[in-house]
Structures are given as C-alpha cells and as structure tokens.
Amino acid sequence: MKFLVCISNVPDTTTKITFTPDNKEFNKAGVQFVINPWDEYALTRAIELKEANPGSTVTVLNVGEADTEPNIRKALAIGADDAIRVNAAPKDAFFVAEQIAAVAKDGGYDVMLMGKESIDYNGFQVHGMVGELLGIPTIAPAMKLDMSGNTATLEREIEGGKEIVQVTTPFVVSCQQPMCEPRIPNMRGIMTARTKPLKVVPPTADAPRTQVQAYALPPKKQGVKLIDAENAGELIKLLRNEAKVI
Amino acid sequence: MSVLVVVECDKGEVKKSSLEVATYGAQLAAQLGTTATAIAVGEATEANLAQLGEQGIAKVLYDKEPRLKDFVNNAYTKLIATAAQQEDAKVIVLANSNIGAAVGSRLSVRLQASLATNVVELPHTEGGQFVVKRGAFSGKAFSDVVLSGERKIIAVKKNSLEAKHEAGQTATVADFSAQLTDADFADAPKQVVMQDQAGGVLLPEAALVVSGGRGMKGPENWNLIEDLAKALGAATACSKPVSDVDWRPHHEHVGQTGITVSPNLYIACGISGAIQHLAGVNSSKVIVVINKDPEAPFFKAADYGIVGDVFEVLPKLTAAVKALN
C-alpha cells in the first residue's frame, strides 16, 4: 500500500496574527511554523496503517519553499519514509491542488491523506480539488479510516451525524478528530530522519484562481461588562434587552 | 446568466443555513441584475421548497432520485454542475457546511470556477472586480479575496446573515433530472448514523450555544449546561480537554481543531479561554464568560462576564430564562 500524506506549514496555534504594513501578507517575523494540526491526524493515521500493513510506504508531500523543510523532516522523524517538496510558495487552494495532483498522477499512490483544512487559510478545498483533478473519490471530512486490502471503511462527518462509507483505492481522504492521537517524534526518529530522501521538484506553471487583496483583523471588543454573580439573572435581561440575542 | 443557490434539506425541511444561503443568493442576484434559482439536495418536500420564495428564490429545481436523500459527493457534484450549466449560472452559492465545502471544491474543478469558502458578506462587484470577504486564521482575521474567471463559487459561513422571511412569496418547484447513473453513487454511504443532539439543536447550525470546560468538574454536572441550553433553545458544546477525557463526545468539541462556530450567543462555562479555543468561537456575535477565576483570559474576549462559581450561577441563569419565557 502506498500512502501519500500532504502537509502544510502553518503558524503555531498560539501565534498572535499580524500583517505586513500594506496588509497584503501575513507577517512571518518571529513566528514559529508547525505542521498543520489537521495534517498531523493524516500523517499519524497513515503511519499506523503502514505499520499494520507490512511492505507499505508513506511519502510526505509539501508545496512550499525551502523554509518548510524543518517540518518536512519532522514528518519523516514521526515515521514517514521519504518526502517530496514542490518548490513554490502556495498561492491559493487550486494552485496547491494542481501541484499535488501533478505529483500524484504518476506516483501510483493508493491512499492520499491530508487534513480537512489548514488553520491559516481555512479553505477546506484542496482535498476535493485533488480528487476531482485525479478523477477519484474524496471522503471529506473523515473521522475514521480502516483498510482491509484495497477496500477502505470510513466514517465521514455530516451535520448531526456520520456516514459510514466504503471505497476502493485509489481515493483522497481529509482527516479530522478523532481519527487518531497525533504522534511526536522520538530521538531515534529524529536521527534517522536526517538521512531519509527529500526530493525537490519544480511547480507546474498554472496560475491561481483567487488572490488576497488585503487582510484585516476583526474589530476590537469594547471590553467585558461584568455582572455580579449574586445577581446573575440580570445577565439574561441584558442579553434580551441590550444585546438582543435571545 | 443567473445565480444558482444550493439548498440542503433534511427530513423534508430546508436547513437553517440554507435559508441564509438562499437569502444571500437572492440579494446577490439583485445586485447583479439577475434572478436566483435554487437546486435542492437531500430529502425535501415540494411545499417546503416552494417556501424558498420567502427568501427571494424564483425557481427551485428538484431531482426526485431517492438515492440523493443522503450525501453522495460524486452524485451531488454532478447534479449541481448539470443545474449550473442548464441555468447558465455564473455564480453558485452554497453553505460553508461539510456538504457545501466538499462539493464546492469538486465543482470548482469541474466547472473551472474560482472558489471562496467561509464567506461572511455579499461580494463587492464594483469596477469589474469580484471581491469577497472571508474568515481566515481560524477566525482571528479576515481577508478580501479577488475571484477571477467567468464562473465563481461562494460558500457562505453560517450565521453570517439573517435569513429573510417575506411572507406570501412562493417559488416555482420544477422537476429536474441530472440523469444520474449507478456509477455516480459509487461512494454512497452504506449507513447513516445520527448523533443525539441535546435539545435537538445542531451545534454547527445553532444561533445560541452553551459550552462547558474543565471547570464543570465532570460529566455528571453537565445537566446544568443542558438545562440552560434547553431553556434557551441552544446547542451544547465543550472545550477540547473535555472531549479528550470523554466527558463529552468529540462532535461537541469547539475550537481550532474542532468545530468552528459563529452563533449569535456563545456562553462559556468554566472555560479559561486558551487561544486554540478562542479561535473556534471568536466570530460569535456575543460572548458570555462564566468563570470563578477573574484572571481567566477568556474575559478579555467576552462581551459579558460573571466572576463566580458555575454551579451557583448556571441554575440562576436557567431560572431567569424560564421566568422571561
């Protein structure tokens, strides 16, 4: 079984969000980047399935410039076998999906896994685009993935419940909780990751379909209005008469 | 040229988020000088579909294929793409739901359309540009995004605008067939399992949410959360540590890696307000925080707060809601 796991490089989850003075880009200064938390579910589940199916391989794929390599190495340290980096700054979801599809086209991957979205762009788009570009099913978002031969049984989240879906390989799956418990690399993994292959390939030439014109922060809150705990019922009156939300 | 609105139905009813999307689509059509047509997915009744006229929809297309009752990605994509081509739709509007986003991304490739998800306002279309405002950085920012190309797809964030209800207006419901084949249903679900929703309110759709954290001290105390939620007609939710220790199911986990919600009212009980939790709720219109620790960071993001013991405060709030009703 060949697994391809797509990871993106995102600001640490505790990062204070600021932008460049022209508000056109995220301000990266002093920010630590991590593997997108949703992608960690995809990576760990692929490694678990590899361990359960001897002879399987896990390849990590990232669309990013050289500064993403520490997190690619981290993915290798967690247990992936090799990695591919498409040498391009991600422009939009369609651009990224095209790069992934171009790599996957001749790779013979059975299962392509990724997180349901990235915590920075929050697109929830790439998996569906990759599936459509390759003409294979996409299960999004999945909370459970089990494999038996080339048949997969998945639990897909729908509003208010879940669907149990069966598909045969190849397919794309976007992952979310509670798929698995993400792993952290151990010392042996970190040492071996240094020698695992990381191939850098050029991007395809296609243009993005969307462009960020400007970023903005939400308006600042006015400050909290405190209500005495002894007179807590007063809050309900304020929510009805002042905030008008109930 | 028209605007095509995708409305999701469940057990015959049009979902609340789809009523919002229908309103958005009708307003956008008026802005563009055209009309809004809807395509219904899921289990619908013609009477309920006709009521989409109240949101400003002129015509609703409905394919009676019974296998469309449950979500099937390939079949839904083909159905909507066929409708978009028939109606010559230049803009397709969907809900930013699990269904909307999953189908929207496949549709964007099939129709060679640009796509924006998580959209919170009507687009700006002056000067020949098409610019949408969308949430980014897990609700910590917004971005204005230019959509290029002849065809656009917009997935509208829930609770971003209120659904219009113009009594007496009805839409024409028209039979529609996308000529779906067995192959289109290859990824059909084998089984659909619905979860228990406290008070019957779906968390992702809810306008009011009551949420508990570790300060609730254990699952045996959740009746206090549920009592208030029931009195308000709200959904219940929880923080990540609570779902991690199985006090509450994962589908109630709100936060950066859980469900992102944007209700009119979010009441956080015994939740300190880690930045990852805030990221999932900070686009709520009004945030109430109840915590006995006055230094809890959540108070900085709150509109109203009570420094006090949740076990004493929650029953008082429930009683006050009942008294009001």
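1. Helices (H or I, at least four residues) and strands (E, at least two) are taken here as DSSP runs, numbered from the N terminus. Phe137(B) sits in the loop that joins strand 6 (131-136) to strand 7 (141-147) of chain B. Phe137(B) is not a glycine, yet its phi is positive, at about 50°. With a relative accessibility of 6%, Phe137(B) counts as buried; buried means under 20% relative accessible area, exposed over 50%, and partly exposed in between (1.4 Å probe, protein chains only).

2. On the basis of these values: this is a predicted model, in which local features need pLDDT of at least 70 and side-chain atom pairs count only at pLDDT 80 or more, while totals for chains, interfaces and linings use all residues. Residues are numbered from 1 along each chain as its sequence is written, chains are lettered from A and ligands numbered from 1 in the order in which they are written, and side-chain values use heavy atoms, with hydrogens and water left out.

3. Lys217(B) is another residue other than glycine with a positive phi, here near 70°. Its place is the loop between strand 11 (208-212) and helix 5 (222-232) of chain B. Lys217(B) is exposed, at 52% relative accessible area.

4. In chain A, the peptide bond from Ala140(A) to Pro141(A) is cis, and its omega is near -15°. Pro141(A) belongs to strand 7 (residues 138-148) of chain A.

5. The peptide bond that runs from Gln177(A) to Pro178(A) is also cis, with omega near -10°. Pro178(A) is found in the loop between strand 10 (171-175) and helix 5 (187-193) of chain A.
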